[in-house]
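Me: I am new to this structure and would like to get to know it step by step. Could we go through it together?

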Amino acid sequence: MTTRQTTVDREHATAIAVEARGLVKTFGDNRAVDGVDLTIPSGCVYALLGPNGAGKTTIINMLTTLLKPDGGDAKVFGHDVVRETQVVRQLISVTGQSAAVDERLSATENLTIFGLLLGLSRSEAGKRAGELLQEFGLQDAAKRTLEKFSGGMRRRLDLASSLIVQAPLIFLDEPTTGLDPRTRVQMWESIRRLVSSGSTILLTTQYLDEADQLADRVAVIDHGRVVAEGTPRELKAAVGKATLNLRLANEEDAAGAMAAVQEVLGVKASTPEAMLVTAPMADPDRVTDLLVALRSERIRLAAVSVQDPTLDEVFMALTGDESKGGKPQ
Amino acid sequence: MSGQIVPGGSRKLKNRVSPQAVIGNSLTMAYRTLLLIRRTPQQLFDVTIQPILFTLMFTFLFGGAISGSVSGYLPIIIPGILAQTAITASMATGVQLREDMDKGVFYRFKSMPIARIAPLAGPLLADIVRYSIATALTFTMGYLLGFHWVSPGAALLAGFLAVFAAWCLGWVFALLGVLAKTAQTVQGISAAIIFPLGFLSGAFVPTETLPRWLQDFVNVNPLTYVVSAVRQLLDQGTIGTDFWLSLIGSTVLVLVFAPVTLKMYMRKA
């Protein structure tokens with residue numbers, strides 16, 4: 001991904017979908033976005049990952065021309081988001097956190113109106129509405145007003161509304177928050193399909209597995225800043241070491257096992273559960289020594305496993321307590 | 001959704017909306033407003049129930065007291081109700097605009113490549129339909145009660161004047177709608193404007209019966225001129241100074257309030 005990005009840089013700047021430099025947005029005393037730089041290559045899925053209130057939505061609002069930045073600048077396919085708002089709006093579509101559809105109208109009416117506004121003729125807009133309702137499994141509810149829709153149905157209609165004309169850059173603000181697991185997987189499939197047909201996706205999420213599953217690159221946002229950026233693999237590698245999990249056969253061996261870990265690996269182990277001892281593992285070779293030591297202590301194991309660092313750990317390390325928060329940049 | 005889309009970097013796009021798109025977008029937004037009215041017909045109460053109820057109520061309540069008979073009062077009250085319902089209907093413009101701007105769908109409109117003005121212009125266009133319903137119903141009620149106008153052409157012109165005046169006043173309430181924080185605020189302030197404007201005019205009583213100081217107010221109340229102009233058209237079928245003053249006054253209202261409303265709206269949109 002890193003190499004691909006540099007090649008793209010060399011080719012021409014328009015292959016960059018989003019380029020933001022020093023974006024700032026303040027609300028009163030609160031610096032909601034505090035100097036954010038982003039470079040998003042065309043054709044990728046880029047995730048902004050961060051806790052609630054980190055500034056993700058504010059970043060999206062500035063990139064989508066809904067909010068004027070107080071500092072810095074941003075370009076979408078080379079077009080300034082403040083000076084060329086109307087061009088930028090022709091290149092993007094936005095699916096926000098709250099379903100941006102009209103509750104008092106039916107699904108078909110919503111889609112038809114958005115289609116007409118995007119310049120489709122009445123018959124084209126009607127036809128496109130039908131196609132999208134089919135695609136998103138809403139055809140049975142086409143004529144009902146949204147007041148009778150479930151949350152999931154609204155989200156699907158919201159995404160459908162953003163896809164009447166497929167934009168080169170699609171913003172998805174927490175696209176799967178509040179969706180059931182099945183609908184969530186469907187949403188992921190839709191996102192992958194959009195990328196394969198040429199769109200760039202910028203999504204925000206609080207779910208680390210979502211970023212892990214979907215994103216080519218991730219920016220971890222905290223307190224309005226980018227605290228880490230890279231591929232999910234790079235981020236994991238930067239923070240963590242793998243974790244060694246030792247599941248004990250006998251509960252009373254926990255203390256002995258922890259002592260052995262301390263002695264052989266030279267790190268402090270912990271027991272998150274009675275029969276489980278975990279320890280950060282820097283050097284896999286030393287695990288052999290540890291297992292030999294445990295054997296000689298007559299500590300029996302039920303299972304041994306090595307766990308790669310999860311984005312959760314990355315996330316906690318980066319956005320959690322400042323004292324232990326390692327910043328790999 | 002088959003095949004590849006045109007890459008964002010190789011599109012040739014203009015950073016402005018064509019005049020055709022402005023008109024097209026506004027008409028679509030007007031269509032949307034009409035759809036909303038069809039979905040919630042309660043929105044039409046102010047332009048349906050009110051003209052019917054007010055005409056019946058005022059005619060029989062005040063007819064005898066003010067003019068000695070119901071038929072004698074009709075030439076006074078019908079133009080009055082016409083103006084009164086038209087301006088009350090224009091009040092809803094602001095309330096509904098505020099409610100609309102608070103809805104999630106506005107978020108989408110803002111990020112779409114459409115004319116910024118369309119979500120404001122659309123409802124104002126659609127309101128013409130509402131004002132026309134109110135005007136037509138008032139005429140119908142008057143006709144049923146035995147009111148006769150001089151000529152259908154003059155009645156049509158009177159109706160047009162009422163609708164036009166309401167539409168122009170609608171911009172004042174639209175500005176309120178854009179500026180206010182909640183729909184209730186708009187409702188409250190609008191009512192405080194509408195009631196004195198409506199009742200302290202020549203709409204319901206002959207102005208000669210009023211105390212001197214009130215007459216002064218009534219004489220500067222623009223609605224008085226609209227009512228007089230409508231009355232003259234219906235009674236005599238002629239166009240007088242009041243007609244032109246109403247027309248000019250309403251136009252001035254639009255020329256002042258439309259740009260301010262637009263500016264304030266664009267600041268938020």
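Reply: Gladly! Let us begin with a term: a residue is called buried when its relative accessible area is under 20%, exposed when that area is over 50%, and partly exposed in between. Please keep in mind that this is a predicted model.

Me: Is A:R184 buried or exposed?
Reply: A:R184 sits in helix α7 of chain A, which covers residues 181-196. Its relative accessible area is 17%. The cut-off for that class is under 20%, so A:R184 is buried.

Me: What is the phi of A:H223?
Reply: A:H223 is in the loop between β9 (217-222) and β10 (225-230) of chain A, and it is exposed, with a relative accessible area of 59%. Most residues other than glycine have a negative phi. In A:H223, which is not glycine, phi is positive, near 45°.

Me: And where is A:R298 found?
Reply: A:R298 also has a positive phi, near 65°, in a residue other than glycine. It is exposed, at 73% relative accessible area. Its place is the loop of chain A between α11 (285-296) and β14 (301-307).

Me: How are α4(A) and α1(B) oriented to each other?
Reply: Helix α4 of chain A (residues 107-117) packs with helix α1 of chain B (residues 19-39), their axes 9 Å apart and at an angle of about 165°. Angles over 145 degrees fall in one class, so the two helices are roughly antiparallel.

Me: How many nonpolar residues are in the contact of α4(A) with α1(B)?
Reply: From α4(A) come A:E109, A:I113, A:L116 and A:L117, while the α1(B) side includes B:Y31, B:R32 and B:L35. Sorted by class, the contact holds 4 charged and 2 polar residues, and the nonpolar ones number 6.

Me: What is the handedness of the crossing of α3(B) and α6(B)?
Reply: These are helices of chain B, residues 70-102 and residues 152-179. Their axes come within 7 Å and cross at roughly 30°. Among the residues that meet are B:L82 and B:A86 in α3(B) and B:A158 and B:A162 in α6(B); by class, the contact has 13 nonpolar, 5 polar and 1 charged. The crossing is right-handed.

Me: Which residues touch the most other members of the largest nonpolar core?
Reply: That core has 71 residues. Apart from it lies another core of 41 residues, with B:V95 and B:L247 among them. Leaving aside neighbours within four places in sequence, A:V220 has contacts that include A:L49, A:V227, A:L235 and A:F315. In the largest core, those that touch the most other members are A:I201, A:V220 and B:F109.

Terms used
Residues are numbered from 1 along each chain as its sequence is written. Chains are lettered from A and ligands numbered from 1 in the order in which they are written. This is a predicted model: local features need pLDDT of at least 70, side-chain atom pairs count only at pLDDT 80 or more; totals for chains, interfaces and linings use all residues. Side-chain values use heavy atoms; hydrogens and water are left out. A nonpolar core is a set of buried Ala, Val, Leu, Ile, Met, Phe, Trp, Tyr and Cys residues joined through side-chain atoms within 4.5 Å. Buried means under 20% relative accessible area, exposed over 50%, partly exposed in between (1.4 Å probe, protein chains only). Contact means heavy atoms within 4.5 Å. Axes are lines fitted to C-alpha atoms, for helices over the stretch in contact, and angles run from 0 to 180 degrees between N-to-C directions. Helices (H or I, at least four residues) and strands (E, at least two) are DSSP runs, numbered from the N terminus. Angles under 35 degrees count as roughly parallel, over 145 as roughly antiparallel, 65 to 115 as roughly perpendicular and the rest as oblique. Ala, Val, Leu, Ile, Met, Phe, Trp, Tyr, Cys and Pro count as nonpolar, Asp, Glu, Lys and Arg as charged, and the others, Gly among them, as polar. A crossing is left-handed if the near helix is turned anticlockwise from the far one by less than a right angle, and right-handed if clockwise.
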